Amino acid sequence: LPLFFATAFLLPWAVWATTLAEQAGWIEWHLPASLAFWIALPLATFGTAALTGGWAAVKDLLLRMARYRVRPLWWTVAVMATPVTAGVALVVGYGTSPSIGVALPTSALIGTLLLDVWMFLLSEEPAWRGFALPRMEQRLSPLAASVALGVVWAIWHAPLFLMAGSFQASVPPLGFLLSTVATSVTIGLIYHRARGSVLVAAVFHGVTDVTIAWTGVMTSG
């Protein structure tokens with residue numbers, strides 16, 4: 001876990017640091033921020049798995065990334081939980097949301113969802129749920145591990161709050177922290193009920209991000 005968290009922070013933050021340095025006028029170039037997800041975090045996850053557990057650890061992670069034989073109930077929860085929650089929040093809090101379709105056009109919903117699920121399947125979910133959570137649960141209860149992981153996960157996004165145009169730059173840090181911890185607990189529950197399926201966790205994560213972007217539920221007000 002120390003090696004994983006060190007590399008999971010160091011490598012993506014190094015990518016994001018180039019954008020922040022360019023914004024500050026220190027350099028005139030930057031690495032694509034998405035490389036933090038597509039390359040840096042997977043290197044931390046699979047590199048640590050290989051170094052500490054060999055092929056057996058890597059194979060276990062890959063198998064859970066492809067695990068689709070899950071009770072239909074948990075597939076339904078993964079797909080519907082966030083849209084239903086967001087819908088209730090908008091009706092109760094705003095009546096309607098003037099931000100629906102602004103950040104993410106309706107015409108781009110399906111394509112963005114597929115891309116997000118694929119990205120999270122290859123990057124964040126193998127890292128947080130696939131690798132970190134089971135190892136944290138060796139010392140903590142499932143709930144405590146998910147809460148602690150949620151705090152770490154929120155802090156991991158910290159450079160994005162300084163990055164112009166990022167989603168994080170548009171929301172209050174405390175609100176993001178609370179939302180991330182709640183999401184970590186929810187994904188942790190789904191992950192366990194879905195037999196440790198990283199795939200189901202990635203679907204929930206993708207649906208959550210697309211729902212937030214399309215509805216503007218975290219930025220309306």
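Helix axes are lines fitted to C-alpha atoms over the stretch in contact, and angles run from 0 to 180 degrees between N-to-C directions. Helices are DSSP runs (H or I, at least four residues), numbered from the N terminus. The model shown is predicted, so that local features need pLDDT of at least 70 and side-chain atom pairs count only at pLDDT 80 or more, while totals for chains, interfaces and linings use all residues. Residues are numbered from 1 along each chain as its sequence is written, and side-chain values use heavy atoms, with hydrogens and water left out.

**View 1. Crossing of H5 and H8.** The axes of H5 and H8 come within 10 Å and cross at roughly 125°. The two helices are therefore oblique to each other (angles under 35 degrees count as roughly parallel, over 145 as roughly antiparallel, 65 to 115 as roughly perpendicular and the rest as oblique). Their crossing is right-handed, the near helix being turned clockwise from the far one by less than a right angle. Glu-124, Glu-125, Pro-126 and Gly-130 of H5 form the contact (heavy atoms within 4.5 Å) with Val-198, Ala-201, Ala-202 and His-205 of H8. By class, these residues divide into four nonpolar, two polar and two charged (Ala, Val, Leu, Ile, Met, Phe, Trp, Tyr, Cys and Pro count as nonpolar, Asp, Glu, Lys and Arg as charged, and the others, Gly among them, as polar).

**View 2. Packing of H1 against H5.** H1 (residues 2-23) packs on H5 (residues 124-136) at an angle of about 150°, with the axes 11 Å apart; the pair is therefore roughly antiparallel. H1 passes H5 in a left-handed crossing. From H1, Phe-4, Phe-5 and Ala-8 meet Ala-127, Trp-128, Phe-131, Ala-132 and Met-136 of H5. This contact has eight nonpolar, no polar and no charged residues.

View 3. Apart from neighbours within four places in sequence, Phe-4 is in contact with Ala-44, Thr-45, Thr-48, Ala-127, Trp-128, Phe-131 and Ala-132.

**View 4. Arg-195 in the loop between H7 and H8.** Arg-195 has a phi near 60°, a positive value in a residue other than glycine. At 48% relative accessibility, Arg-195 counts as partly exposed (between 20% and 50%).

Notes: Buried means under 20% relative accessible area, exposed over 50%, partly exposed in between (1.4 Å probe, protein chains only).
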